[in-house]
Amino acid sequence: MLPTLPQSKAWWFDHLFQYQGFWIPSFGIRGSMLINDHFKPRSADIIVATFPKCGTTWLRALVFSIINRNSFDFSDHPLRNANPQELVLFFEGYLPCRFVYICRDPKDVFVSKWHFANKLRPKELPPLSLEEAFDLFCKGVSEYGPFWDHGLGYWEASVESPKKVLFLKYEDVKKEPLGCVRKLAGFLGVPFTPEEENNETVAEIVGLCSFESLSNQNVNKSQTSSGERPVGNSDFFRKGEVGDWVNHLSPKMVEKLNQITEQKLQGTGFNFD
Ligand SMILES: Nc1ncnc2c1ncn2[C@@H]1O[C@H](COP(=O)(O)OS(=O)(=O)O)[C@@H](OP(=O)(O)O)[C@H]1O
């Protein structure tokens with residue numbers, strides 16, 4: 001089927017193919033087909049779904065530590081010995097189970113994705129320039145893009161089915177981590193008990209999953225990858241800040257991205273204000 005699909009240059013894989021409206025690497029298309037044909041979700045399943053660079057690693061760590069909070073000691077926790085990417089599986093698509101989704105200001109997503117792409121690109125390829133990447137991102141052409149359509153799909157699903165889809169924003173989790181972790185636990189069906197509130201379990205989870213804590217675990221300082229991808233655990237931790245785009249984007253780029261975002265999300269109730 002691949003030769004019949006529109007193709008484009010990828011940021012970090014060989015090619016991207018336009019499949020059901022999104023730009024996806026070939027293994028992602030195979031995965032999506034396998035899920036559609038064979039994956040039988042149970043109603044208790046939780047699926048962590050994100051657009052790349054919106055906070056996947058963070059959300060995986062939070063979901064894992066909330067769900068398993070009675071199984072491990074915070075001082076000797078699996079998150080101290082494994083990258084969060086290895087602890088929770090995730091899938092793309094809409095299935096009859098619960099989803100947690102995290103979105104992020106596209107300006108920060110773009111900057112984060114551009115840095116990541118240049119880490120992952122095969123050595124024989126020239127680095128992807130900021131300008132070229134920007135042009136592609138604005139056209140929606142980047143791994144799993146367009147960014148806006150991806151977010152909008154989950155946003156609409158969360159409005160339609162709030163018990164099935166929880167829509168979080170990276171900026172909100174940064175600003176109010178305790179409130180967001182309580183909301184996440186409630187959505188997952190495991191709200192914090194008064195006793196846990198007294199014991200400051202919420203703060204323990206927020207602390208354990210923070211950028212500072214995770215990026216300083218030895219396992220996450222390593223460059224070696226454990227999976228098929230040529231990516232080191234440390235590559236999932238760059239700055240972990242809101243607004244790093246000011247250091248990379250020109251005023252013109254900012255204006256253009258803001259304009260696209262406004263246009264695409266107009267009237268949907270989904271915004272980054
Ligand atoms: N714990 C925690 N808290 C806050 N921020 C964090 C955390 N872990 C990772 N990060 C930052 O998230 C960005 C990577 O996004 P993803 O984890 O979605 O990447 S990936 O799609 O799974 O490859 C990337 O953002 P940038 O620093 O802006 O590049 C990471 O630094």
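**Figure 1. Valine 254 and the residues around it.** Valine 254 sits in helix α12, which covers residues 251-265. This is a predicted model, and every close-up below comes from that prediction. Is valine 254 buried or exposed? Valine 254 is buried, since its relative accessible area is 14% and the cut-off for buried is under 20%. If we skip neighbours within four places in sequence, valine 254 is in contact with Lys107, Trp245 and Leu249. Take lysine 107 from that list: along the chain, lysine 107 and valine 254 are 147 residues apart, yet from C-alpha to C-alpha the gap in space is 7.4 Å.

**Figure 2. Serine 8 in strand β1.** Here we look at serine 8, which has its place in strand β1. Serine 8 has a relative accessible area of 14% and is buried. Which residues does serine 8 touch, not counting those up to four places away in sequence? They are His15, Leu16, Trp23 and Val141.

**Figure 3. A salt bridge between lysine 9 and glutamate 132.** Strand β1 is in view again, this time with lysine 9. The partner of lysine 9 in this salt bridge is glutamate 132, and their closest N and O atoms are 3.0 Å apart. Strand β1 spans residues 7-9, while glutamate 132 belongs to helix α4 (residues 130-138), so the pair ties together parts that are 123 residues apart in sequence. Lysine 9 counts as partly exposed, at 37% relative accessibility. Glutamate 132 is partly exposed too, with a relative accessible area of 31%.

**Figure 4. Lysine 139 and aspartate 135 meet in a salt bridge.** The N to O distance for this pair of side chains is 2.9 Å.

**Figure 5. Arginine 182 and glutamate 197 link two helices.** These two residues form a salt bridge, and 2.8 Å separates their closest N and O atoms. Arginine 182 is part of helix α7 (residues 177-187) and glutamate 197 is part of helix α8 (residues 194-198), so parts 15 residues apart in sequence are tied together by the pair. Arginine 182 has 37% relative accessibility, which makes it partly exposed. Glutamate 197 is also partly exposed, with a relative accessible area of 30%.

Figure 6. For lysine 53, the distance from a side-chain N or O atom to an oxygen atom of the ligand is 2.8 Å. For arginine 104, a polar side-chain atom lies 2.9 Å from an oxygen atom of the ligand. For arginine 238, the distance from a side-chain N or O atom to a ligand oxygen is 2.7 Å. How much of the ligand does the protein bury? On its own the ligand exposes 640 Å², and the protein buries 96% of that.

**Figure 7. The shell around the ligand.** Now the view takes in the 20 residues around the ligand, of which Thr56, Thr57, Ser112, Tyr170 and Lys239 come nearest. By type, the shell divides into 9 nonpolar, 7 polar and 4 charged residues. Which elements give two or more residues to the shell? They are α2 (56-67) and α10 (211-215). The most comes from α2, with 3 residues.

Figure 8. The loop between α4 and α5 (147-160) holds proline 146. The peptide bond that runs from glycine 145 to proline 146 is cis, with omega near 0°. Tyrosine 144 lies in the loop between α4 and α5 as well. Tyrosine 144 has a phi near 75°, which is positive although the residue is not glycine. With a relative accessible area of 16%, tyrosine 144 is buried.

**Figure 9. Glutamate 200, another positive phi.** This residue has its place in the loop between α8 and α9 (201-209). Glutamate 200 has a phi near 60°, a positive value in a residue other than glycine. Is glutamate 200 buried or exposed? At 54% relative accessibility, glutamate 200 counts as exposed.

Key
Residues numbered from 1 in each chain as written. Predicted model: local features only at pLDDT ≥ 70, side-chain atom pairs only at ≥ 80, totals over all residues. Heavy atoms only, no water. Near = heavy atom within 4 Å. Polar contact = N/O pair within 3.5 Å; in protein donor to acceptor, adjacent residues only side chain to side chain. Areas by Shrake-Rupley, 256 points an atom, 1.4 Å probe, with all protein chains shown as cover. Helix = DSSP H or I, 4+ residues; strand = E, 2+ residues; numbered from the N terminus. Nonpolar A, V, L, I, M, F, W, Y, C, P; charged D, E, K, R; others polar. Salt bridge = Lys/Arg side-chain N within 4 Å of Asp/Glu carboxyl O. Buried < 20%, exposed > 50% of the residue type's maximum accessible area, 1.4 Å probe, protein only. Contact = heavy atoms within 4.5 Å.
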